[in-house]
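Open the model in your viewer and keep the sequence panel beside it. We will go from stop to stop, selecting as we go.

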Amino acid sequence: MASSVPSIEAIKLIKQYDSFTALDNLNLRIEGAKCVGFLGPNGAGKTTTLKIFTDLIHRSSGKALINGIDVHYDKKKALAAVAALVERPEIYPSITPREALMIIAKHRGVPAEIRNKKIEDALHEVHMEDWSDKKVGKFSKGMKQRVDIASTLLNDPEIVLLDEPSSGLDPRGMSEVREMVKNLKKRKRLIFMSSHLLSEVMDVCDEAALIDHGKLLAYDTIQNLTRRFSAGGSALDVGFASPLVDNEVIEVIRKIHEVTSVEMLDDRNLRLKFVGNAQTQAQILSELVALRLGVNSFKTASSALEDVYLNLVKENV
Amino acid sequence: MHGLAANPEAQPFERANNKVPSGLAQCRVQAGFEFLNYVRSARFYILLGIVATIGIAIMAVMYVYKPPTYLSSPMAFYSVWWGNVVSLCVILTGIFFGADAISTEFQNKTGYYLLPNPIRRSSIFIGKWIASFLASAIAISVYAAITLADGAIYFGSNLPYQLGESFVFALFYIFPILGVSFFISSVFKNNSYSILVTAILLLFGFSYIAPLITSLSNSEPWYVLSYGAGIIKNVLSSSGYPPHEVVIAGSSSFNATIPEGLAIMFTYFVITLILGITLFEKEDFD
């Protein structure tokens, strides 16, 4: 039965290649408008999972449900609300981006009266307007990737499945992909995104699912994950407007309640480790501000998720 | 462990209102897209060039040597001009437009662009097949146009109706030829293997092995596609449609009747189409 909020669910999902088990009884349910990072080492089963959800490969057993509909039995209905970008799709070299997007728009049933507008908007969003009528065969890898990304924006999808979407892009392209994901979040979409870039997941995702050897290790909000699994407590990256030249200042910061260590990243940036929760973070921030040191940035350190990742993956070896 | 939503945040949600088109409509869209790709590809013009070259070469030979046997009647002329050559042209279209039609989706990763959409694999397969048929029919029509142009030099507008029949049979022959080539293309995920096996089977397998089996077994090769396609040439025989069985010195040779020929081609088409779609449905993009 179709659910009222977007959802994807793997139930006892198994993918077996001869003697190799790519997915081993994977159980995972994600629902609601949010962005979930899908993390794991190479060969953990991330892409396999996304491929099963998009009918690129068939599961050996179990279920892959999208909005409550099994992709294996009713792919057309299940994927009607989904846009996906898995691996690096190629487009026929003799086709232009506009034509490539047109076929997807038609297959997805974007109404004829708004089709051209949707295509223009998607091309604009990935900054490919100037290339819209050039043949894809002459494009760089990054440009093709932009067209692929544009194809996921066409039908205002409820669910977006992305397999390392910024891989292969230059720094500007990576930043644009993150912005695109953030924009999708603002439109209340469910985004399920595999990535090797923990900083990217920290930046755009609300939750993370960690997988290794085809098994789910953990799924929770990033904040809960860092609290539960980070060995050295949570970490914060703090930026200052002026260089911190006085060691005494660092000593003062070290004495802030619940801060366990202070690491100098450079003369304007510190990483604070602390034990506590979001309220503790707020308290640390207010104490830093009270010190009048010119704090100009304050965010959860990506290394916190790295700690979680390394701890969980290490435990699973 | 079972991963449950840690923070469901079931926010008010407005579903997109797109209605996914029917399978038939998606086949049509896919066919249009594939056909556009074909007519922009070098292979389409290479095949047209080959077909035109064959036609012009025969035209030149006819003009220079004026072979009296073949110029004795329109049927004799069109039998050699069209009947002897068009089957080869159809086989070439199968190799050019069918041999890598499916395998390329795996090898060149174009399947990754289309498949994660609400479209059945069978719709993609059939859409591609239709596009290949249209491209093939254009190539055969070009050859037919050159044939008619040369025929007009010698016989004016005197066209035997059997030429029309043969043209229809040739178009019908595209069905099983593309069926076979699409099936082979579904077996392999590598274009080179797929093209090689298709070319060997269509150019040599049916043409040389089947007559050999026939001569050894002295039985009708009703299971061979090229035997059924013999109706394309036989219908243009100037001495009338050849008998079903001809016995010379105790050894039989066979000619498919028109219903037999059509049935053989149709059966090949249906079986290979079903097998091809089934394989494509089951293959993993890994």
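In which sense do S12(A) and strand S13 (residues 269-274) of chain A pair, and over how many bridges? Select both. They pair in the antiparallel sense, over six bridges. Strands here are DSSP runs of E with at least two residues, helices are runs of H or I with at least four, and both are numbered from the N terminus. Two strands pair if DSSP finds at least two bridges between them.

Before moving on, some ground rules. This is a predicted model, where local features need pLDDT of at least 70, side-chain atom pairs count only at pLDDT 80 or more, and totals for chains, interfaces and linings use all residues. Residues are numbered from 1 along each chain as its sequence is written, while chains are lettered from A and ligands numbered from 1 in the order in which they are written.

**Stop 1: the sheet in chain A**

Stay with S12(A) and S13(A). Pick Val262(A): opposite it, in S13(A), stands Leu272(A). Now show the whole sheet. It is open, with four strands in the order S12-S13-S11-S14 of chain A, and the pairing is antiparallel. Strand S12 (259-266) and strand S14 (295-300) of chain A are the edges, each pairing on one side only. Neighbouring strands are turned by 20 degrees against each other on average, direction ignored. In general, strands of a sheet pair through backbone hydrogen bonds, either parallel or antiparallel.

Next, select helix H9 (residues 247-254) of chain A. This helix packs on the sheet and touches S12 and S13 of chain A. Its direction makes about 145 degrees with that of S12(A). Axes are lines fitted to C-alpha atoms, for helices over the stretch in contact, and angles run from 0 to 180 degrees between N-to-C directions.

**Stop 2: two domains**

Color chain A by domain. Domain 1 covers 7-222 and domain 2 covers 230-316. These bounds come from an automatic or database domain assignment. The C-alpha centres of the two domains lie 34 Å apart. Their contact takes 13 residues from domain 1 of chain A and eight residues from domain 2 of chain A. Residues are in contact if their C-beta atoms, placed from the backbone, lie within 7 Å.

Look at the domain 1 side. Helix H7 (198-204), S9 and S10 of chain A each give two or more residues to it. The largest share, four residues, comes from H7(A). By class, this side has 10 nonpolar, two polar and one charged residues. Ala, Val, Leu, Ile, Met, Phe, Trp, Tyr, Cys and Pro count as nonpolar, Asp, Glu, Lys and Arg as charged, and the others, Gly among them, as polar.

**Stop 3: the largest nonpolar core**

Which residues touch the most other members of the largest nonpolar core? Select Ile66(A), Ile191(A), Ala208(A) and Tyr173(B), out of 171 residues in that core. Helix H8 (residues 161-187) of chain B gives the largest share, 14 residues. Both domains of chain A give residues to this core, so it lies between them. A nonpolar core is a set of buried Ala, Val, Leu, Ile, Met, Phe, Trp, Tyr and Cys residues joined through C-beta atoms within 7 Å. A residue is buried if 20 or more other C-beta atoms lie within 10 Å of its own, exposed if 12 or fewer, and partly exposed in between; C-beta atoms are placed from the backbone.

Zoom in on Ile191(A). Leaving aside neighbours within four places in sequence, its contacts include Cys35(A), Val36(A), Val160(A) and Leu162(A).

**Stop 4**

Most residues other than glycine have a negative phi. Now pick Lys12(A), in strand S1 (residues 7-17) of chain A. Its phi is positive, about 45 degrees, although it is not a glycine. Asp55(A) is not a glycine either, and has a positive phi of about 70 degrees. Find Asp55(A) in the loop between helix H1 (46-53) and strand S4 (61-66) of chain A.

Is each one buried or partly exposed? Lys12(A) counts as partly exposed because it has 14 C-beta neighbours inside 10 Å. Asp55(A) has 24, so it counts as buried.

**Stop 5: chain B**

Finish with chain B. Count 12 helices and three strands. Its C-alpha trace spans about 90 × 45 × 30 Å along its principal axes. Of its 286 residues, 45% count as buried.

Conventions: Two residues are in contact if their C-beta atoms, placed from the backbone, lie within 7 Å.
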